Amino acid sequence: MTNSGDKNSSDKNSTGKQAVNGLYPRLVVSDGPRAIDFYRTAFGAEELERYTDPDGRIVHAMLRIGGVRVAVKDEADGDPSPTTLGGSPVIMAVDAADPDATAEAMVRGGATVVFPVTDHDYGQRGGRVADPFGHLWMVFRTSEDLTPEQIQERTTRMHS
């Protein structure tokens with residue numbers, strides 16, 4: 001997810017300078033090469049670059065998944081993986097043309113289903129999957145065009 005290039009005033013810090021030039025997630029994993037293979041198989045990730053330490057551990061690898069950059073690195077001192085931490089509170093959201101097929105590809109690669117892909121009242125078909133490295137992924141597609149008001153109304157009804 002990179003900045004679109006718009007120089008809106010909301011993109012500026014208190015000095016009036018550009019506050020953010022780009023943003024991408026860095027996924028810390030227990031086995032970098034295996035994770036990259038998983039993301040390649042599940043999402044069609046393209047590896048753009050990879051740097052390793054003298055022991056061969058990945059200190060930085062940049063992938064492209066769709067039009068989005070995602071970094072991957074092996075866990076190390078100060079950078080624990082979700083496996084080491086006992087889970088992750090972060091959920092990566094993937095807008096997929098076919099969320100069923102995407103979730104199935106992830107499961108074939110060793111992921112586990114957290115919530116199965118199903119139709120939701122708020123206008124999406126989606127589910128949640130945990131990859132073999134402890135990262136959570138929501139795979140979805142919009143199945144019904146709704147206004148924000150309709151989504152809020154349905155969400156309120158779902159949680160009442």
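Okay, so let's start with β2 and β3: they run antiparallel, and 6 bridges join them. If you want one spot to look at, find Y51, which stands opposite H60 in β3. Keep in mind that this is a predicted model.

Quick reminder for anyone new to this: strands of a sheet pair through backbone hydrogen bonds, and they can do that parallel or antiparallel.

Now zoom out a bit. How many strands form the open sheet? There are 4, in the order β1-β4-β3-β2, and the pairing is mixed. At the edges sit β1 and β2, the latter being residues 46-52, and each of them pairs on one side only. Going from one strand to the next, the twist averages 20°.

Next, the helix. α1 lies across β1, β2, β3 and β4, and it runs at about 5° to β3.

Nonpolar side chains tend to be buried together in soluble globular proteins. Here the largest nonpolar core has 26 residues, and the ones with the most contacts inside it are F38, Y39, F43, V72, M106 and W137.

Last stop, W137. What does W137 touch, if we skip residues up to four places away in sequence? Its partners include Y39 and F43, then I91, M92 and V94, and also M106.

Notes
Residues are numbered from 1 along each chain as its sequence is written. This is a predicted model: local features need pLDDT of at least 70, side-chain atom pairs count only at pLDDT 80 or more; totals for chains, interfaces and linings use all residues. Side-chain values use heavy atoms; hydrogens and water are left out. A nonpolar core is a set of buried Ala, Val, Leu, Ile, Met, Phe, Trp, Tyr and Cys residues joined through side-chain atoms within 4.5 Å. Buried means under 20% relative accessible area, exposed over 50%, partly exposed in between (1.4 Å probe, protein chains only). Contact means heavy atoms within 4.5 Å. Two strands pair if DSSP finds at least two bridges between them. Helices (H or I, at least four residues) and strands (E, at least two) are DSSP runs, numbered from the N terminus. Axes are lines fitted to C-alpha atoms, for helices over the stretch in contact, and angles run from 0 to 180 degrees between N-to-C directions.
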